[in-house]
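Me: I'm new to this one. Could you walk me through how to read it, a feature at a time?

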Amino acid sequence: MAKPLLKIQRYFRRKPVRFFSLILLYLTAGSLVFLHSGFAGDSGPGAQGGRDSVVALEMGSRTSSSDGRGLGIMRRVFKETRRSGRRYGPPWMKKTDHETERRGGDYTSNWNRALKGRNAKDIDDGRAKYIGCYIDDTQKRALRGVSFFDYKKMTVFRCQDNCAERGYMYAGLEFGAECYCGHKIQAPNSSESECNMECKGEKSNLCGGANRLSIYRLELSQESARRYGSAIFKGCFHRPDNVTLALPFSAVIQNMSVDKCVDMCTEREKSLAVLAGDQCHCGFPTPLFSLHEPEDEAMCLNHCHGEEFESCGNDKYFVVYQTQVQDNRCMDRHFLPTHSKQLVALASFPGAGNTWARHLIELATGFYTGSYYFDGSLYNKGFKGERDHWRSGRTICIKTHESGKKEIEAFDSSILMIRNPYKALMAEFNRKYGGHIGFASQAHWKGKEWPEFVKNYAPWWASHTLDWLHYGKNVHVVHFENLKRDLFSQLKGMVQFLGLKVSEDRLLCVEGQKDGNFKRSGLRKLEYDPYTPEMRASINELIRTVDAALKKRKMPGAPDEYMPR
């Protein structure tokens, strides 16, 4: 035995390249076997063997059969629902029992039959109403919007939150770990006893069963943006005085549907698709058609000729959708043509929306913003003023989180961003441990980092605002919540404070793409309150201090939502 081993040793000593090549091949083969076992091993919904959770995989309809549930996670990644399966129409589109029977595919009106045996808490928790247990066919889904799975931490709240953020009316849970969203239920209900699987993330609740969905009807949609396929429903609006000027392109479409109008306007590279009976208008938001005065959605209740469950508006009231086309009227940005001698600060406590405000200001003014610091990741995302020295005078305003007399008096004026401390602290904690649009891990939230962070940063939230109010020379206060709620007028005031002429077309363009790449997804929001009673008592006292300081300077106090008063 020793002689063969000796021969092999001598062979590789003479040919070291071959030896290392063999080692490399061995390691490569081992890696492939490991990866294969990870994807094709225990992949059924009941598997426990060390599976990592699958977070937020966007999907439409599943193509695997119920017999193939153990073929691996990769088989569970789907594309958006086929175009033939897309259904448009705002939530107020109601169907009679006769229409349901005639169509034979929409079972939304049957929800009340499934409520028997459920108590009031199960039916309505203030966020959603339980509808019932429904059959889910893998070839023809009951809910045909996006989907996501989490085989370790799925909860009812998480599924509801995920679907609500995307504007869907219904959220359904299956196999204890799968979440499906949709605008209507397209399957019959089944016995409640068949939805018998516990949620992976909370054993106290049921999350459907084998090919059975526990479905909830969502009461609220985050930020009132309702998404239908590739378009976003904007609302019902009165016909503009001059349609030709407001919406320059239009055409009559036979068998009109939302899908056809959205496709036509997308091809014409317009951001708005406007339905008025059998006419489709395309254009951009302008002062002639600003979308600032929505009408009662019932005024647009008029069935499309090509799709009876969609609304196409009429001659007086238009149904409006936003397409995926980017409005380029506010995308050009430059450095200031001449160096400014006035230094304007964009000051805020960390986590108060400074990066988002920079994005809005750059789009609204056409000029880059600067920074007291340098962040390479922000520079790579388009903030070209990030590399300039903050005193260069080439940027319209300068981001800063500094406080203290010397730092504040270096600026000639300032826009002071203030945000609810409860939200700001959590946002900064996420940024510190997860990046600008990332999230802190559960270990950070539940470990010693979070209490220590609140202890150190909460007093800074108050002192930062108090310092700028005391030492600032010319301070324009903007509350994050007000900017989010009334972007047009708040941003207009900021542009005027910067001494620039306001372009309403640019502001309307900004409204259509206000989020940019700087908004965190709602998929990983905490499902519990991280603040202890002691933390809340301390923060509430800080809010009262800031509120009094604002009022002392004849400014509006802290918004009511900061804390109950």
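Predicted model: local features only at pLDDT ≥ 70, side-chain atom pairs only at ≥ 80, totals over all residues.

Me: Which charged end sits over the ring of Y422?

Reply: The general idea comes first: a charge sits over a ring if NZ of Lys or CZ of Arg is within 6 Å of the ring centre and within 35 degrees of the ring normal. Here, the charged end of R536 sits over Y422, 4.6 Å from the ring centre. K384 lies over the face of Y379, also at 4.6 Å from the ring centre.

Me: How many helices and strands does the chain have?

Reply: Helices (H or I, at least four residues) and strands (E, at least two) are DSSP runs, numbered from the N terminus. This chain has 17 helices and 16 strands.

Me: How much of the chain is buried?

Reply: Buried means under 20% relative accessible area, exposed over 50%, and partly exposed in between (1.4 Å probe, protein chains only). Of the 565 residues in the chain, 49% are buried.

Me: How many aromatic pairs are there?

Reply: Rings of Phe, Tyr and Trp (its six-membered ring) pair if their centres lie within 6.5 Å; planes under 30 degrees apart count as stacked, over 60 as edge-to-face and the rest as tilted. The structure holds 23 aromatic pairs. Take W450 and F453: their ring centres are 6.0 Å apart and their planes meet at 20°, so this pair is stacked.

Me: Where do W450 and F453 lie?

Reply: Both are in helix α13 (residues 449-471), three residues apart, which is about one turn of the helix. W450 counts as buried because its relative accessibility is 2%, and F453 counts as buried because its value is 3%. Y457 and W460 make another pair, with centres 5.5 Å apart and planes at 55°, so that one is tilted.

Me: Why are Y457 and W460 separated by about one helical turn?

Reply: An α-helix has 3.6 residues a turn, so residues three or four places apart point the same way. Y457 and W460 are about one turn apart because they are three residues apart in helix α13. Y457 counts as buried at 18% relative accessibility, whereas W460 counts as partly exposed at 26%. Ring pairs also link these residues into a cluster, whose members include F349, Y422, F429, W450, F453, Y457, W460 and Y531.

Me: Y422 again! What covers the buried residues of α11?

Reply: The cover includes α12 (442-446), α13 and α17 (533-552). Among the buried residues in α11 are P421, Y422 and F429. P421 has a relative accessible area of 1%. Contact means heavy atoms within 4.5 Å. Leaving aside neighbours within four places in sequence, P421 is in contact with W461, Y531, I539, I543 and Y562.

Me: And what happens at the start of α11 and just after it?

Reply: At the start, a side-chain oxygen of N420 reaches to within 3.0 Å of the backbone nitrogen of Y422. Just after α11, G435 takes a positive phi of about 90°.

Technical notes. Residues numbered from 1 in each chain as written. Heavy atoms only, no water. Polar contact = N/O pair within 3.5 Å; in protein donor to acceptor, adjacent residues only side chain to side chain.
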